[in-house]
Amino acid sequence: MPVSVEPTSVELTETTSEQEPEVLRPHAEDAYAGELAALAAQDDRPRPARWRLSPWAVATYLLGGALPDGTVITPKYVGPRRIVEVAVTTLATDRALLLLGVPGTAKTWVSEHLAAAVSGDSTLLVQGTAGTPEEAIRYGWNYAQLLAHGPSRDALVPSPVMRAMAEGMTARVEELTRIPADVQDTLITILSEKTLPIPELGQEVQAVRGFNLIATANDRDRGVNELSSALRRRFNTVVLPLPDSVEAEVDIVSRRVGQLGRSLDLPAVPDGADEIRRVVTVFRELRDGITADGRTKVKSPSGTLSTAEAISVVTNGLALAAHFGDGVLRPGDVAAGILGAVVRDPAADRVVWQEYLEAVVRERDGWKDFYRACREVSA
């Protein structure tokens with residue numbers, strides 16, 4: 001396990017006074033501050049209370065486009081426009097938004113960028129896990145203050161949801177279905193009554209205009225807790241689909257790998273365009289259970305083989321090419337990553353992968369190098 005070393009006071013002073021450290025992954029509102037500012041400057045459409053942008057500008061921020069002054073807004077989400085429009089419109093009403101989809105369909109990514117565009121802050125976040133307590137959604141206590149002075153506002157520690165209610169912001173709950181059912185239902189009063197009681201103080205926090213909540217969930221992974229019908233009614237559900245074509249998925253992977261690569265000083269994506277298409281093709285065929293030409297049925301492995309996993313495989317391959325190759329993405333750079341993504345169950349998935357290699361990959365024109373690289377890592 002990596003060991004974290006605390007900086008000394010001298011080191012901390014030097015870092016903060018001379019230069020800001022370069023963070024590995026800036027929040028959306030920081031990474032795309034220029035685009036958000038350009039949209040805000042030219043956005044003359046009506047804005048809901050406490051929104052930084054109009055619904056039209058929020059959708060433009062996610063889907064991309066060109067502004068009248070020539071500013072190019074890069075796409076954050078590649079998919080049906082209507083899905084984004086429905087999601088943005090939902091946030092402008094009093095209903096919360098539930099982004100639903102299989103793992104790897106950009107639910108978290110869309111959630112973060114929606115919050116950044118609407119509220120200018122994507123950090124009011126509750127990360128759902130099997131161990132998420134009720135306090136993470138409602139509020140907690142500073143126990144030193146609580147023991148010294150008893151229950152008081154000073155001793156109360158607000159959750160991200162409570163802060164969003166008080167400030168008219170957008171809160172986010174990631175992986176809602178991983179949270180235990182009794183903790184999930186803490187949201188019912190918040191979403192229906194727009195209030196959060198604090199019985200220990202005989203008070204409540206009422207949501208001000210501008211407050212809303214975005215949750216993400218999937219029903220594919222293990223450890224999923226069903227949402228109660230009462231809670232589900234409080235959400236407008238928008239399903240994020242898998243990319244509907246190879247071209248669309250290649251575009252998504254290329255864009256995201258390019259963004260990650262620039263932050264990691266990796267080779268440019270065009271150098272590996274052929275391998276990106278190959279990775280996407282393999283994932284789609286195994287995911288769909290049939291080859292792209294519709295002629296050969298194949299077995300599907302136990303994993304999801306999502307677009308997010310394809311991005312990870314290609315990014316790791318680019319890192320291998322940069323540090324241990326000639327900087328050009330080649331079959332040997334992605335073969336190990338594909339094997340790791342496909343073979344989750346060592347027994348069943350290995351059989352599926354071997355059959356796919358022999359029946360499909362070996363016979364495909366132009367894939368000989370890829371076949372040999374996959375055979376080598378699979379041995």
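Reader: With which side chain does the side chain of Gln-259 make a polar contact?

Author: This is a predicted model, and the place of Gln-259 in it is in helix 12, residues 246-263. At 3.0 Å, the side chain of Gln-259 makes a polar contact with the side chain of Arg-256.

Reader: Leaving aside neighbours within four places in sequence, which residues is Gln-259 in contact with?

Author: Contact here means heavy atoms within 4.5 Å. Once the neighbours within four places in sequence are left out, the residues in contact with Gln-259 are Tyr-32 and Trp-109.

Reader: What is the order of the strands in the open sheet?

Author: The sheet has 5 strands, and their pairing is parallel. From one strand to the next the twist averages 20 degrees. The strand order is 4-7-10-3-11.

Reader: Why is one side of strand 4 and of strand 11 left without a neighbour in the sheet?

Author: Strand 4 covers 125-127 and strand 11 covers 235-239. Each has a single partner strand, so one side of each has no neighbour in the sheet, because both stand at the edges.

Reader: At about what angle does helix 6 run to strand 7?

Author: Helix 5 (residues 81-91) lies across strand 3, strand 10 and strand 11, and runs at about 165 degrees to strand 11. Helix 6 (residues 107-119) lies across strand 3, strand 7 and strand 10. Its angle to strand 7 is about 170 degrees.

Methods. Residues are numbered from 1 along each chain as its sequence is written. This is a predicted model: local features need pLDDT of at least 70, side-chain atom pairs count only at pLDDT 80 or more; totals for chains, interfaces and linings use all residues. Side-chain values use heavy atoms; hydrogens and water are left out. Two strands pair if DSSP finds at least two bridges between them. Helices (H or I, at least four residues) and strands (E, at least two) are DSSP runs, numbered from the N terminus. Axes are lines fitted to C-alpha atoms, for helices over the stretch in contact, and angles run from 0 to 180 degrees between N-to-C directions. A polar contact is a pair of N or O atoms within 3.5 Å; within protein, one must be able to donate a hydrogen and the other to accept it, and residues adjacent in sequence count only if both atoms are side-chain atoms.
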